[in-house]
Structure formats: structure tokens, C-alpha cells
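Please open the structure in a viewer and keep the selection tool at hand.

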Amino acid sequence: MLELLWLIPVLPFAGAAFLLLFGPRLGRAAVAAVGCGSIAASAVLASLIAVRFIGAPPAGNAYQQVLWTWIGVGNLRPDIGFHLDALSLVMTLVVTWVGFLIHVYSIEYMAGDEGYSRFFGYMNLFVGSMLTLVLGNNLLLLFLGWEGVGLCSYLLIGFWYTVPANGTAAQKAFIVTRVGDTAMTVGLFILFYGLGTLHIQEMLRRAPAEWASGSGMAIAAAALLLGGAVGKSAQLPLQTWLPDAMAGPTPTSALIHAATMVTAGVYLIARTHVIFTLAPPVQFAVAVVGALTLLMAGFSALTQDDIKRVLAYSTISQIGYMFLALGVAAWSTALFHFMTHAFFKALLFMAAGVVIEAMHHEQNIFRMGGLRTSLPIAFWIFVIGGAALSGVPFTSGYFSKELIVWSAWASPIGNQLLWGAAVAGVLLTSLYTSRLIFLVFFGNAHGHVAKRPGAAETIPLLVLAVLSIAGGYIGNRFLAFLNTALPAFEETHPPPVTEGASGMVATAALVLGVALAYLFYLRNRGWAEAAASGGLGRALHRLWYTDWGMDWFYDRVFVRPVQWAARVNKSDFVDAFYAGLAWLGRLAWGILGGTETGRVRWYAAGLAGGAVVLVAITLLL
């Protein structure tokens, strides 16, 4: 069974190729069958391989499959090959199954769109690229999948390309993530130069022998890999592209935010964890970046009026929790939160899509209200997803998030500030999540419901709702399984906080957030308006609403100078040299062209004269 591993990414690629070539000629039912069927087949195959892998683990708890040598240049010989261990298996199962549920949801959500086959083709390509990323046994193949999800994000964010703003959002996502990708590319050069290989497992074996802890090469390589990770996972300071990515269709948002692109950076750091342990300053920087991002995004989510942008900032914040866990060496805990986050965030985005359809594609939460009676399924789905996101006890998010909060205190790398940031993040998460639910589903209704979800939308929502509640109960076994591929977390238990006390503080922060949201957004909404209308309140609201002014800063530091240079240099002085060469060519052509008179005797005389000159030069010199 393990020898069929290569089929897991190939099936989505085959579905994408078929749909992009022949999809416009097919009926919608055939398009949906191919689009969903390829992902379903990949998910089923991944599950069968998982049963085989767990039941009879291969030697070393890992399986290698090399199909052929991709490039052979000197010492650089990357393979088209795959590496299956606990880490890549978990990622594969989440990507395929959550991706499949999103595809099923898309059958109904995208039913009336003229680009129906194109949409499923892009989605298949997205899943195939992500599977290549997580299964590749070398960093070059991983990078191929990395760039593939970047391309697909551009295609899907700008899917409705006739709207200029959508194209702008797609370009922004592509360009901002390229900044991180450039850093990652340089990091790959350093890794190959220092270790002589890009094969991941061989690289991780060589690194401790070649580089001492804290060495310059290790720090440089880790820092550049971190640059790639923050770009793809939308962490500070490259997080600005993700809220604008909401321009794409809602299933696209669910796929990007839940199971694929934004978690690629988390996977990269976990997969190359040895490099980061050899660079302690960079590993601590991962934790700091995560802590700052989860707080900044939490405040921004608290001020948004677009239902999808609230969830987008929530994703940035939750990925920040994963980075925090990675930074304090709680590697498996970060992947545990990745899994639970995939369940409840896909659920929330898809439930948001139901609300948007019902409200005539309105996305402003202040123009909604009272939907708990007219959309009861969406309401309860949102409550379940919001509870898991906030970390309400006994939901999946509770188990993974509480472990991260505790790890921020108990890790030798952690400290009180990181733990305080994690607890504050719990307060913010429950506050903006409760605010969203109160504004959308309570209060006075605005307008009538235009559409209610059908079976294709409801069934994936119900499945994800169950997983959002029950998915955390496998925590201990899940962590033990991941520890076969990643180092186990080492606790120091520093006084005076214990794991139980840490959990109680986090739960108290959650309750406080819900209570504040109830007071400000349900019982007396005038309080929230008054708080945001005062001098300081208005300034903070504007600051958080605009993502702490990051777009403003980048626009003035990077975008406008480039635009100014383009205007000043509209004639492009670099081309002046080549234009001069072209002018000289045309001049020479004109001179020589003047000799073409059509008089044969003059041609013969010219040949004779030239021959005499050449003979004379030869004799005299």
C-alpha cells in the first residue's frame, strides 16, 4: 500500500489538468464529479496508507519513495521523491479530507458561476501543490509545491477578475509572499553551500555535525527560512496580504485559511526544526513573531465590519499561536493546533458563506442581525465553530490552545511575557468571536433571507462541526504519534504557575471576553459606539481597522517611491543604450543600402578593388 504514495498528489493534479483542458465542454455534474472525485480518491488513499503506516510502522517510522532523479548537476541531485512520516501524514490527511469537504461545499456555492470548471480546476491544482509541499523529500521539491500554492492563491483570489479590486488583491498576495519566498530561496542556497544537500532528512542529520549551536551559518539559514514562513503564513511583518485575499470566493478563503497555504510556513519550520534549534536567537524570534502577530491581529479583528475579514484576522492570530508554539519548541503542539484550527476555521468560513448567500451577498456584519431564527443551522454551526475558535472547554480548540498557553510558560525558551501574550490572545479571540456572533445572529433583522443551504453545503458543515467538537479528544495519542517525527516537548514546570492554574487563567480570560462582548454588542450596543467615537477610541479604532497602518507604511516606503521612479524614468534610461545600438544598426543599413544600385559592372569593380586591397594588405604586412 505504501508504494502507492505517489498517487496522493498525482490524483489532484490529474483532475486539475482534465478540468482546465476539457472542463468548459462538460456539464456541471461531470465537473463536480471530477473535481470532488479526484480529491476524494486522494483522501481515501491517504487514509488507507495511514492505516497501514500506523498498524505496521516502517523502519525508522518513515517511508521513502524515490521515483526518479529530477536534476543531476554536480553534487546537486534532488529527486522526485516523497517522504512519509507522522508529520507529513497528518498534514496529508488534513489537506485531503478538509479539502474534499470544501470541494463538496463548492458544488452548491459556485453552482451559478460561469467559471465553474475553471474554479474546480484551480482548487484541484491548489490541493495537489500543497500535497507536493508536505510530501516532498527534498527542499527543492518542497519549494516547487510552495510556489505552486502561491500561484494558485493568485488565481483563486483574483478568480472574479472582471472586478479590478479582485485583481489588485491577487497581485498584492502574490507580490508580498514573493518577498518571503526570495528570502527562502537564499536560505536554500546557504543550506546547500553549508551542508552539501537539499535532501531534508540528510540535511537534518548533517547540520548538527557541521554547524555548532549559534553559528552564523545556522542563524542565517534559519532566519531566511523564517522569512519564507512569515510570508506564506501571513505573520508580522508580511501579514498584510491575507485580509485582502477575501476578494476570492468563500470556498477559496476556507481552503487557503484552513488546510493549505497559510499553514505552509508552520510546516516548513516544523520540518526543518533541527536548523532552528541550532539557531536559538531565531527560534526565540519565531515565538516573538507569533506572540506579536496573535495580539495585533486580534485587535484588528475586533474592529472589522466585513464578516470574512474578521475571520481572516482570526486566522492570522491563530497561526500566530502556532508560531508561538514552534518558537518554544512545542513542535507537536503547534501541529495539534493546526489540525483543530483546520476543522473550526473551515467550518466558520463555510458558515459565513451561507450567511453571505442568505443576505444577498452582503458581507457587512452591521447590516445583518436576527439570523438565528431564519438560519438556525448556520447559527448553531457558527456557535460551534466560534466556541472551538475561542477555546471553550471540551471543544477541539480548547485542548490545543490550552497546551500552547501552558507551553509558553513551561518551556525553557518561554517566559512570562509570552505566556501573558497567549492569555491576552484568548481574551481577544473570545471577544471578537462573540462580537461577530452577537452582531450577525442577534438583535433586529435587516432584510429577508434570500437562500437557505442545501445538502451539498449542509453536510460538510455538519461533519466539520462534529470534528470541531470531538477533534481534540485524541490529543494525547496524536501528540505521541507526532513525537515519532518531532522532538517531544520538555517541561520545566517553573513556579508559581502549574498547568492547571494556567488553564484556569485562560478560561477566565475567555469568560471575560464573552462577558465584554455581551455588554458592548448585545445588551447595550451604544457603549461600543461611544467607546469608538471618542478621541483616543476613534484613533485606536482606525489604527486597528487599518491593520496598524502597515499598508499605509508600505505604500509610502515601497510602493510610492517605485511609482515615482517609474514616472520620472518613463523613457527608461536603461533602454537608451540598446536603443542607441539599434540606431547605429539602422544607420549602417542605410549606408550599405545606398550601395545596392543594381549595376552589375559596379559590383564587379567593387569586388576586384576589394581583392586588390586585401592582397596589398597581406603583402605589405
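**The largest pocket**

Sorted by class, the residues that line the largest pocket are 15 nonpolar, three polar and three charged. The model shown here is a predicted one. To find the pocket, select L302, Y521, A528, A532 and H541, which lie nearest its centre among the 21 lining residues. The space in this largest pocket amounts to about 580 Å³. Next, colour the helices around the pocket: α19, α22 (499–523), α23 (525–533) and α24 (535–545) each supply at least two residues of its lining.

**The second largest pocket**

Now select I175, V176, Y554, F558 and V559. These residues lie nearest the centre of the second largest pocket, which is lined by 15 residues. About 500 Å³ of space lies in this pocket. Which helix gives the most to its lining? The answer is α25, with seven residues. Both α6 and α25 supply at least two residues each. The lining comprises eight nonpolar, four polar and three charged residues.

K172 belongs to helix α6 (residues 164–195) and D551 to helix α25 (residues 550–568), so the pair ties together parts that are 379 residues apart in sequence. Is K172 buried or exposed? With a relative accessibility of 17%, K172 counts as buried, whereas D551, at 31%, counts as partly exposed.

R178 lies over the face of F174, at 4.2 Å from the ring centre.

**Further salt bridges**

The structure holds 15 salt bridges. For another one, select R205 and E202, whose side chains meet at 2.9 Å, N to O. Both residues are in helix α7 (residues 200–210); they are three residues apart, and therefore separated by about one helical turn. R205 counts as exposed at 55% relative accessibility, while E202 is partly exposed with a relative accessible area of 24%.

Next, select E108, E357, K451 and E457 together. These four residues are linked in a network of salt bridges. K451 is partly exposed, with a relative accessible area of 27%. E457, by contrast, is buried, with a relative accessible area of 0%.

**Aromatic rings**

The tour now turns to aromatic side chains. A pair of aromatic rings is described by two values, the distance of the centres and the angle of the planes. How many aromatic pairs does the structure hold? There are 27 aromatic pairs. One of them is formed by F159 and W160: the arrangement is edge-to-face, with 6.2 Å from centre to centre and 65 degrees between the planes. F159 is buried, its relative accessible area being 0%, and W160 is partly exposed at 32%.

For a second pair, select F382 and F441. Their ring centres are 5.4 Å apart and their planes stand at 55 degrees, so this pair is tilted. The pair links distant parts of the chain, since F382 lies in helix α17 (residues 376–390) and F441 in helix α19 (residues 416–441), 59 residues apart. Both F382 and F441 are buried.

**The cavity**

Empty space can be located by rolling a probe the size of a water molecule over the atoms. A search of the whole structure finds one cavity of 30 Å³ or more. The largest cavity has a volume of about 40 Å³. To see its lining, select L236, Q239, T293, M296, A297, Y313, I316 and D547. Five of these lining residues are nonpolar, two are polar and one is charged. Helices α13 (280–301) and α14 (307–327) each supply at least two residues of the lining, and the largest share, three residues, comes from α13.

Conventions: Residues numbered from 1 in each chain as written. Predicted model: local features only at pLDDT ≥ 70, side-chain atom pairs only at ≥ 80, totals over all residues. Heavy atoms only, no water. 1 Å grid on protein atoms, 1.4 Å probe; cavity = no way out; pocket = protein on both sides within 12 Å on 5 of 7 lines; lining within 4 Å. Points joined across faces, edges and corners; volume = space filled by probe spheres on them. Helix = DSSP H or I, 4+ residues; strand = E, 2+ residues; numbered from the N terminus. Nonpolar A, V, L, I, M, F, W, Y, C, P; charged D, E, K, R; others polar. Buried < 20%, exposed > 50% of the residue type's maximum accessible area, 1.4 Å probe, protein only. Phe/Tyr/Trp six-rings, centres within 6.5 Å; stacked < 30°, edge-to-face > 60°. Lys NZ or Arg CZ within 6 Å of the ring centre and 35° of its normal.
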